[in-house]
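Me: I would like to learn how to read a cavity and a ligand shell. Please take them in turn.

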Amino acid sequence: MTLFIASELVSKPEHKWSQTEEAMLATLALSDEYQQVPEKSPLITFGQALFFDKGLSINGQVACASCHQPALFFTDGEPLATNGLLPTPRHTPSVALLNDADFLFWDGRKDSLWAQALEPLESLLEHGASRTFYLHYIKRNYPETYQAVFADEVSLAIADELPAQASPVAYQDWQTNWQQMTDRQQQAVNQVFSNLGKALAAYQNSIKLKPSKFDLYVHSLKGDSDTKILDEHEINGLKLFISEKTQCTHCHNGAALTNHTFQATAVPKSNNDLGRINAINQLDNDIFNCYGQFSNKDNCFHLDYLKREGIDLIKAFKVPTLRNIAKTTPYMHKGQFAQLNQVLDYYNKANRPIQEHSEIVPLGLYPYQLKQLEAFLLTLSSDYANDDSWFTPLDLP
Ligand code: HEC
Ligand code: HEC
């Protein structure tokens, strides 16, 4: 009898949440969308092959996975990304959990995951090759897979007519080559190029997670399972996280712990990076945007209602996910903070340069509360729901 009471005491929740709090917690827990690994379609398989293929670069050394490393939750551990030559201007964010993001990159200058993938392929600081290079490469290395996935009879067939390198961006002679191509040729090259983006997007969208300690805790609140999943320290941190005092969930909400918007937080050392405000023109002029002929979306609400001006766009950067935050050091768009406690110290003081817009207010928390907050953030770690076979290079015909 005594034993029975004792075990009942042990499994009692240490913390009573109000109904509103519990409802909030439920919205932060992983939903099916982020947990259920889809069937591995030919499109996804092709995307995986491309993601890990170093041949998809000018020097044969750079794959998407060079910077977006699965072991680091698809980041690279560096403050600023590099392909081994010069650093890029920004820090590598994760590519997971972006299914609901309307805009990609720290400034959101691309409006779909597939269109995003095209930029690193042509960036001299990343993969560094050109659109025609990729067409030739696909024709040499994946002709059957490309054909089977996209049923595109015509595009690869014109390879022999095309220069080795031609692109509307990058080097001057590549641009000249591009301008000398016919509309039909440019169209075919853009078709293949956009299809590569679609395969890469399908792969990235299929990366799913197992529940973290935090998710298990939220599930346990409903049932009678083990409620000792989080300790008191972590629970107090969670309480702070969802509190009005910290306002963390104003921006870091939903199962991905981001609302996918762009916010100015006046993080130091962002130099002359103006963030969101500079992305608007690029979005409008992108032939691969939602309005363009390569998009197969029925509606483009996110572009129809795009916010184009306002002081709040200046130095605004995308709200990143906080999932697996333990694996994604350093933090912020330039990797300004090496440690999680430095991020929290920043929020706590939130020194704002004079005349710079910022959406955050100093928290004024005690050191022990910052430790609690950090302890909570560390409960957001979890493994992939995908098995290891999803994270290796593939040899396809
Ligand atoms: C040299 C390192 C590097 C390589 C190679 C690279 N990336 Fe990135 N990636 C970055 C950096 C840095 C950013 C952020 C740049 C910015 O916001 O201006 C980024 C951003 C992204 C984003 C946006 C994430 C978000 O939260 O909006 C996605 C998706 C992505 N990369 C996918 C890819 C794919 C697919 C490839 C391969 C075709 C690739 N990357 C190759 C460094 C790299
Ligand atoms: C007004 C919106 C907003 C609020 C409120 C907010 N954040 Fe953020 N958070 C952001 C943005 C935007 C970034 C990226 C800033 C950058 O890179 O310049 C960020 C970055 C972070 C990062 C670094 C993530 C990474 O991968 O680089 C952590 C950790 C973080 N926030 C935690 C918190 C916590 C904890 C709170 C509450 C104390 C909080 N945030 C409140 C918008 C917000």
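Me: Which residues line the largest cavity?

Reply: A cavity is a set of points, on a 1 Å grid over the protein atoms alone, where a 1.4 Å probe fits but cannot get out; lining residues have an atom within 4 Å of a point. Here the lining consists of T265, A266, V267, S270, K315, F317, H333 and E356. This is a predicted model, where local features need pLDDT of at least 70 and side-chain atom pairs pLDDT 80 or more, while totals for chains, interfaces and linings use all residues. Residues are numbered from 1 along each chain as written, ligands from 1 in the order written, and side-chain values use heavy atoms, without hydrogens and water.

Me: What is the volume of the largest cavity?

Reply: A volume is the space filled by probe spheres set on the points, which are joined across faces, edges and corners. The largest cavity has about 40 Å³.

Me: Which residues are closest to ligand 2?

Reply: A residue is near a molecule if one of its heavy atoms lies within 4 Å of it. Ligand 2 is surrounded by 25 residues, and C248, C251, H252, H333 and Y347 are the closest.

Me: Where are polar contacts with ligand 2 found?

Reply: A polar contact is a pair of N or O atoms within 3.5 Å. A polar side-chain atom of H252 is 2.8 Å from a nitrogen atom of ligand 2. For the side chain of Y347, an N or O atom lies 2.6 Å from a nitrogen atom of the ligand. M332 uses a backbone N or O atom, 2.7 Å from an oxygen atom of ligand 2.

Technical notes
A polar contact is a pair of N or O atoms within 3.5 Å; within protein, one must be able to donate a hydrogen and the other to accept it, and residues adjacent in sequence count only if both atoms are side-chain atoms. On a 1 Å grid over the protein atoms alone, a cavity is a set of points where a 1.4 Å probe fits but cannot get out, and a pocket is an open set with protein on both sides within 12 Å along at least five of seven lines; lining residues have an atom within 4 Å of a point.
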